[in-house]
Amino acid sequence: MSKISAVNKRATQTLAENISKQVEHFSKKEVECLIREFNVLVAEQNNSGRAVHGLDRGKFISTLHSIFGLTDDRMTGRVFRTFDKDNDSVVSMKEWIEGLSVFLRGTLDEKIKYCFTVYDLNGDNAISREEMLHMLKGRLIRQPNEEDPDEGIKDLVEIILKKMDYDHDGKLSFEDFEKTVKDENLLLEAFGTCLPDFRRIEMFERHVFQEQFEQ
Amino acid sequence: MGISLTRAAQWTMVSSSTAKLASTPMNESLLKEILHFVEHFSSQHPQEAEHVFEEPLQWSTTLVPSDFKTDYDISDSDVQSHERDSEGHPLLQLSPPTVYVRSFSQLSKLLHLADDKKLAEVRACLEGKFESNLHPKQSNHQHSSITHRLNVFVLLVTVYSHPIMLNPKAVKNEVEILQMFCGGGDKGLLKSLRYTSDFQFSNGYRAPLWRQVQGDICYLVIEPCDTETLYITCSTAGSFLNGGIKQEGEENGYERTSDAYEDLVTLLKSRSPHFADKINQTYRVLIVCLIKKAEVALVYFRKTSAGALPGELFSESSTESEEEEEQPYRHPETNTDLPSEYWQIQKLVKYLKDGDQIVTVDTLCAMMDFNLMQESCQMAIQDTGGLKVLLNLLDTDEHKCKIGSLKILRTISHNSQIRRVIVDMKGVQSIVKILDSPVKELKALAAETIANVAKFRRARRNVRLYGGINKLVSLLDCLPNFASLTPSQEEDIEVACCGALALWSCSRSTKNKKAIRKAGGIPLLGRLLKSPLQKMLIPVVGTLQECASEESYRNDIQTLGMIKDLVRNLSSDNDELQMHCASAIFKCAEDKQTRDLVRKYKGLQPLVSLLHKADNKQLLAAATGAIWKCSISQENVTKFQEYKALEILVNLLTDQPEEVLVNVVGALGEFAQIPANKAAIREFGGIKPLVKLLTSPNQALLVNVTKAVGACATNKDNMVIIDQLDGIRLVWSLLKTPSADVQSSAAWALCACIENAEDAGETARSLIGGFQLIVKLLSSTNNEVLASICAAICKIAKDEENLAILTDFGVVPSLAKLTNTTHDRLRHHLADAIAQCCMWGSNRASFGEAGAVAPLVRNLKSKEGSVQRSTAMALYQLSRNPNNCITMHEKEVVQPLIHMMGSDDEELQEAAAGCVRSIRLLYMANRNAELFTFRN
């Protein structure tokens with residue numbers, strides 16, 4: 001048993017070394033910790049009967065929920081899609097680490113790219129009115145006397161579009177989005193929370209990096 | 001506006017006999033005001049607007065049925081409004097060309113329809129009323145008579161346009177409260193206060209009906225403690241004195257005999273100094289409290305805003321007077337001519353209220369796109385309830401919402417009303433709490449917002465009470481002058497900047513200054529003072545100079561080595577920074593060591609070069625102030641001369657604001673302590689402007705001017721000019737000012753003038769009442785005044801004729817009375833004066849009779865050399881009277897005198913010896929006499 005784990009350990013180290021060369025922001029040691037965390041999560045998932053080589057949608061979303069405090073279903077699904085770069089419905093170890101690099105330590109530019117991808121629901125490199133409407137729907141409460149419950153949201157979408165659509169083509173291109181966010185950072189997550197709160201990040205890093213180092 | 005309208009209206013009444021309004025500018029503006037009033041009336045006062053007139057207003061209109069739209073029944077020849085009164089009459093009826101209108105809301109609608117003919121319609125309306133209503137037998141008593149329509153109309157304009165219109169309830173409250181403080185002799189505000197009539201109408205008025213129409217509410221008879229009885233009319237347009245209405249039913253005396261004041265207290269303050277004095281003291285606190293309870297706080301809040309919160313009324317520092325007063329709340333805008341932003345902002349506020357976190361952040365960002373520095377936007381946010389939402393967001397857990405909210409708050413808090421509302425809504429509490437946030441951006445924003453909000457006392461107090469000062473001080477903790485900084489350290493510096501800004505605003509209150517010190521703020525500020533960043537230095541030096549009004553701060557600034565940094569920044573390229581540095585040095589340089597440090601760090605030259613920035617008066621005031629205080633040290637004056645400061649200063653004696661003049665003249669007074677400079681001031685042409693300033697009403701300036709003139713007067717050539725300009729008389733007349741500082745300073749200047757003027761004796765005599773004034777001032781309670789007056793008497797009495805006059809005015813007993821003093825400076829000059837006054841007639845004997853000798857003998861034992869010397873000389877003079885010798889001998893004067901005969905001071909030696917000789921001679925004479933008697 002100890003032999004196997006030693007082998008595993010060495011394998012993990014090699015893997016970590018490889019990945020840390022390709023992914024920004026993490027040291028080799030940190031990558032090792034993230035791999036270990038990934039393995040723990042996969043093991044939890046496989047214990048409950050599924051056997052996949054990565055994190056499936058359900059487990060990933062529940063992880064987002066429990067560890068990163070992301071609870072908005074519309075967003076968590078999109079976050080999964082964004083993590084899952086090869087579209088195989090599973091977040092592999094590498095995808096996990098690449099994703100977390102932006103999630104935990106991303107620069108503003110990286111985060112802008114990430115958020116844009118999350119918000120571009122159909123992947124056509126633009127956020128359209130309809131996409132915005134979809135993402136913002138139901139976020140305004142209390143309009144019992146209005147005929148169209150989405151009237152407020154529609155109006156808000158127009159306001160946002162007016163503010164952000166620099167090239168006046170009726171939708172948000174990546175450049176529009178980037179320019180707006182650089183101007184006012186608060187608009188990074190304009191259409192839904194898809195990044196963890198700084199407190200969650202601290203907690204996670206403490207849990208994964210420090211506590212595991214101590215072991 | 002109210003008062004001007006009333007006047008205009010009266011004028012109109014006079015010309016109404018012609019039934020046409022003349023086309024005078026006054027009438028035009030009256031028309032416009034009425035038009036404006038009517039247009040806005042229905043939105044501002046919806047209830048009143050619906051009130052149906054007893055009689056319709058009617059006039060010939062230019063409007064035709066086709067001008068009317070919905071809400072009206074329109075037929076070919078007739079238009080009637082849908083709105084009808086209880087009897088079914090339409091509130092508006094048009095049968096061309098005559099129109100009948102029965103409510104303000106209809107009138108306002110009609111004017112709206114009339115569009116560009118509005119003004120013509122108003123004019124026709126006013127004139128029309130007269131055509132149809134002019135009644136041959138006008139009677140004032142028919143209060144409901146239609147002839148009063150215009151009156152009523154104008155009155156309404158007056159009443160409703162007046163921002164703080166008086167009403168019976170407000171008057172009643174005020175009267176009741178004032179009544180509580182009547183009687184009790186000098187301790188009370190007033191002797192008595194009563195209504196002329198005990199009968200009160202159901203509307204709260206006490207004036208007869210026909211006077212109510214004029215706006216009169218009630219009449220009061222008030223006996224102040226210090227002046228004659230006042231007869232006062234309280235009307236909706238304000239309170240004023242009337243012709244003397246003593247009881248109800250008097251037919252005359254209703255006319256106004258004084259200006260109208262917004263309330264009784266203001267009127268009484270203007271009439272009774274006693275009342276003004278008292279109400280400015282303790283009573284104000286009580287009255288503010290009581291009135292607040294009575295829900296008319298508004299009126300008072302404005303009046304007493306200098307002391308916004310009871311309990312902290314008199315504890316704040318003097319710098320507060322410069323700051324804003326709390327203005328009364330503005331009425332919300334009317335709905336008619338609101339800018340489109342208003343509606344957009346209203347919509348956004350709704351989204352803020354209803355949205356989740358994402359929508360909230362989006363909406364906040366959309367709101368930031370408005371021009372939030374513009375008042376209409378600021379007010380829109382407040383009026384639509386947005387301010388409340390923004391403040392609520394601060395208490396949530398979403399830091400993005402907090403950031404967004406603070407970004408808006410920090411901008412709109414440039415508006416003083418918004419600031420007040422923030423404080424009223426307990427916003428300060430929430431903002432202070434955010435200072436603890438781990439997010440640096442949030443801390444910085446919160447501090448920046450506090451910097452804006454804490455522009456008035458109540459806000460500053462709140463910051464302190466909620467622990468804000470400690471938190472703000474802890475924001476200052478960063479490393480300001482590291483060459484290479486990590487991004488995180490740079491953020492720390494940003495936070496510290498904002499913290500310093502906030503502390504700067506807060507430091508206007510004395511208690512906050514103490515709190516900053518207690519929280520350990522001074523060393524941190526000292527560290528930030530080494531920063532190279534101007535945006536950091538300005539608030540830091542701003543705070544320091546604000547706090548330097550406290551002695552503890554001045555000590556710390558010196559001992560913590562901040563003078564060096566302050567001097568360094570005098571050479572900055574930023575006027576504001578230079579000004580604060582100069583101002584800090586101004587305040588600190590009272591201390592000798594600080595003055596020496598400024599010289600040591602080469603701060604004197606930059607100070608002089610600041611004098612060239614003559615168009616920035618604030619900077620000039622600060623720089624001249626610093627030069628003044630620094631020049632108290634002679635070494636500094638020498639340095640200043642190298643930089644040709646004197647000539648520049650003399651040139652600043654004309655055409656400068658008072659705060660500059662005070663400092664310039666103060667500096668000249670110090671410069672003139674060096675003899676060569678006295679002549680230099682003359683050569684630069686400084687004597688004339690200095691003498692001219694002797695007529696200034698500013699006391700601080702007068703103290704300095706008299707000092708400077710006195711210093712210059714010791715130069716004979718200067719004195720010639722001063723004399724030509726009638727300077728002696730001007731200085732002398734300053735003895736009449738009530739301020740003790742000016743009195744003594746003037747008296748010292750007088751000494752110098754009299755000593756050096758050619759025929760000073762005669763000049764002095766020519767001043768009518770001058771000697772009386774001098775002798776009268778010997779009963780002052782201020783030792784400095786007494787000392788200076790004694791010195792002046794000593795100089796004046798050198799002229800025998802003058803001494804004779806002074807003696808006639810009783811100078812001897814007055815001086816004798818002062819001999820018991822223990823004040824050494826006074827003892828010195830008093831003895832000099834006594835010695836001088838001994839030279840006339842029987843004054844020596846008179847001094848003895850007035851009991852001056854024994855205390856003088858006692859004063860001989862003073863440790864102060866000047867006192868010993870002067871006293872010995874006085875005793876020598878007095879010893880020429882045998883009775884005085886006996887007293888001296890009894891009081892054992894010989895022993896100390898013999899001791900003094902051994903002194904190095906020849907004059908003292910001589911005086912002491914002379915005195916002993918007198919005593920000895922008397923003794924001898926006595927013995928001879930005894931022997932002689934014995935022999936016979």
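A residue is termed buried when its relative accessible area is under 20%, exposed when over 50%, and partly exposed in between (1.4 Å probe, protein chains only). Under this definition, Lys433(B) is exposed because its relative accessible area is 54%.

The structure is a predicted model, in which local features need pLDDT of at least 70 and side-chain atom pairs count only at pLDDT 80 or more, whereas totals for chains, interfaces and linings use all residues. Residues are numbered from 1 along each chain as its sequence is written, chains are lettered from A and ligands numbered from 1 in the order in which they are written, and side-chain values use heavy atoms, with hydrogens and water left out.

Helices (H or I, at least four residues) and strands (E, at least two) are DSSP runs, numbered from the N terminus. Chain A contains 10 helices and four strands, arranged from the N terminus on as α-α-β-α-α-β-α-α-β-α-α-β-α-α. Of the 215 residues in chain A, 49% are buried. With contact taken as heavy atoms within 4.5 Å, residues 24 or more positions apart supply 59% of the chain A contacts that have a separation of 6 or more.

In chain B, Lys433(B) belongs to helix H18, residues 427-434. Apart from residues up to four places away in sequence, Lys433(B) touches Asp395(B) and Lys471(B). The C-alpha atoms of Lys433(B) and Tyr466(B) are 8.3 Å from each other, although 33 residues separate the two along the chain.

The contact between the chains involves 24 residues from chain A and 26 residues from chain B. Buried area, the accessible area (1.4 Å probe) that two parts lose on being put together, summed over both, is about 2,100 Å² between chain A and chain B, with carbon and sulfur atoms giving 57%. Six salt bridges, each a side-chain nitrogen of Lys or Arg within 4 Å of a carboxyl oxygen of Asp or Glu, are counted between chain A and chain B. Lys347(B) and Asp155(A) form a salt bridge whose closest N and O atoms are 3.2 Å apart. On the side of chain A that touches chain B, the elements giving two or more residues are helix H8 (151-164) and helix H10 (198-214) of chain A. The largest share of that side, seven residues, comes from H8(A).
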